[in-house]
Amino acid sequence: VVGKRFPGKEAIPYMIAQVIGAFAGAGILFVIARGKIGFTAASGFATNGFAERSPGGYSMMAGFTCELVMTFIFLYVILGATDKRAPAGFAPVAIGLCLTLIHLISISVTNTSVNPARSIGPALFVGKVAIEQLWLFILAPVIGAGLAGVVYPMLNPDKGTLAGKK
């Protein structure tokens, strides 16, 4: 929406669909994981976290910075790869490689969010301990994505419009 690639009126339904999909995906993983003796969602269930809930013990500020910057980079690459002037057919490659690199960098910091829905889905299964830190994994990606939506069109002035419109 900020990068003018997505109509504002579709933003809320899109976000709701993302959270429903994330909850469904986490639910399927939960059913599978419960098939292992000794599994408990309280052990983390790949939820995002900082401080004592960070895989590497990273602070809240480190987690916030990591999520904001990684989301900014991810959305910037998405905006570039899907720009009407980008070579056709390469967007999935660029986006997939970027997301792979983001995971390699940030899994040890926060378990990698870069998408609030990705964080919300599993947190709902884990409960209180994951939900208490969920704010960071909503706020940092929203800010990072918003910044990318502002910066990309500024650095690429003829790009970043709604499809088919100038």
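What share of the 166 residues in the chain is buried? Buried residues make up 36% of them, where buried means under 20% relative accessible area with a 1.4 Å probe and only protein chains counted. Before I go on, please keep in mind that this is a predicted model, in which local features need pLDDT of at least 70, side-chain atom pairs count only at pLDDT 80 or more, and totals for chains, interfaces and linings use all residues. Residues are numbered from 1 along each chain as its sequence is written, and side-chain values use heavy atoms, with hydrogens and water left out.

Let me turn to the overall fold. The chain has six helices and zero strands, helices being DSSP runs of H or I with at least four residues and strands runs of E with at least two, numbered from the N terminus. The radius of gyration, taken over C-alpha atoms, is 17 Å, close to the 15 Å that the globule rule gives for 166 residues, so the chain is as compact as a globular protein of that length; that rule is 2.2 Å times the number of residues to the power 0.38.

Now to one residue, Asp83, which lies in the loop between α2 (60-81) and α3 (91-110). Asp83 counts as buried because its relative accessibility is 4%. Its side chain makes a polar contact of 3.4 Å with the side chain of Arg5, and another, of 3.2 Å, joins the side chains of Asp83 and Tyr152. A polar contact here is a pair of N or O atoms within 3.5 Å, one able to donate a hydrogen and the other to accept it, and residues adjacent in sequence count only if both atoms are side-chain atoms.

Definitions and conventions
Buried means under 20% relative accessible area, exposed over 50%, partly exposed in between (1.4 Å probe, protein chains only).
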